[in-house]
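I am opening a notebook on a structure that is new to me. I will write down what I looked up, entry by entry.

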Amino acid sequence: MGGHHGEPYTVPHASTYKVENVPQLVEVKEALGRQGLKDPWLRNEAWRYEPKAFGTHRSRLNTFLFRGLGVGFCAFLATVAVEYALGIGKGQGGHGHGHGHEEHGDKGHH
């Protein structure tokens, strides 16, 4: 919607990523070759295996699992501190309702 400021990315040259640099893709290429087949588009998958740009499988998994852990823990601590400072949650008798057992009666409680 207006404003052609140029592309926010640069497209790498086609020779940057090679099948020969990726052992997994070399295996696929060889398996296809044994069957007399060839995948001319296999090179287009090589970028996915570039650890400098996209990390390893383990690093991507760690990022996925623990991305918001620090922020979430800080929010938890802030919530606990505010509740403590305001006295919220004190004196509830561990029941969580804010009143004693006398209002419930003993019906249904064994």
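**Salt bridges**

I began with Arg 48, which is partly exposed because its relative accessible area is 44%, where buried means under 20% relative accessible area, exposed over 50% and partly exposed in between (1.4 Å probe, protein chains only). I noted that the model is predicted, with local features needing pLDDT of at least 70, side-chain atom pairs counting only at pLDDT 80 or more, and totals for chains, interfaces and linings using all residues. I also noted that residues are numbered from 1 along each chain as its sequence is written, and that side-chain values use heavy atoms, with hydrogens and water left out.

Which residue does the side chain of Arg 48 meet in a salt bridge? I found Glu 45 there, at 2.5 Å from N to O, a salt bridge being a side-chain nitrogen of Lys or Arg within 4 Å of a carboxyl oxygen of Asp or Glu. Side chains of opposite charge can pair when their charged atoms come close.

My search of the whole structure gave two salt bridges. I looked up Glu 20 with Lys 29, where the closest N and O atoms are 3.4 Å apart. Glu 20 counts as exposed because its relative accessibility is 54%, whereas Lys 29, with a relative accessible area of 46%, is partly exposed.

**The chain as a whole**

I counted four helices and zero strands in the chain, both taken from DSSP runs numbered from the N terminus (helices are H or I, at least four residues; strands are E, at least two). The order of the elements from the N terminus on is α-α-α-α.

How much of the chain do buried residues make up? I wrote down 5% of the 110 residues. The chain exposes about 10,100 Å², of which carbon and sulfur atoms supply 59%, the areas coming from the Shrake-Rupley method with a 1.4 Å probe.

**The nonpolar core**

I then listed the largest nonpolar core, whose five residues are Val 19, Val 22, Leu 25, Leu 42 and Ala 46; such a core is a set of buried Ala, Val, Leu, Ile, Met, Phe, Trp, Tyr and Cys residues joined through side-chain atoms within 4.5 Å. Leaving aside residues up to four places away in sequence, I saw that Ala 46 touches Tyr 17, Lys 18, Val 22 and Leu 25, with contact meaning heavy atoms within 4.5 Å.

**The nonpolar surface patch**

Leu 61, Phe 64, Leu 65, Phe 66 and Leu 69 make a nonpolar surface patch of about 570 Å², a patch being made of residues with over 30% relative accessible area and no salt bridge, where nonpolar side chains (Val, Leu, Ile, Met, Phe, Trp, Tyr) are joined within 5 Å and like charges within 9 Å. Helix 3 (residues 57-66) gives the most to this patch, with four residues. I checked Leu 61, which lies in helix 3 and counts as partly exposed because its relative accessibility is 41%.

**The aromatic pair**

I found one aromatic pair in the structure. Phe 73 and Phe 76 form this tilted pair, at 6.0 Å centre to centre with 35 degrees between the planes; rings of Phe, Tyr and Trp (its six-membered ring) pair if their centres lie within 6.5 Å, and planes under 30 degrees apart count as stacked, over 60 as edge-to-face and the rest as tilted. Both lie in helix 4 (residues 69-86), three residues apart, about one turn of the helix.
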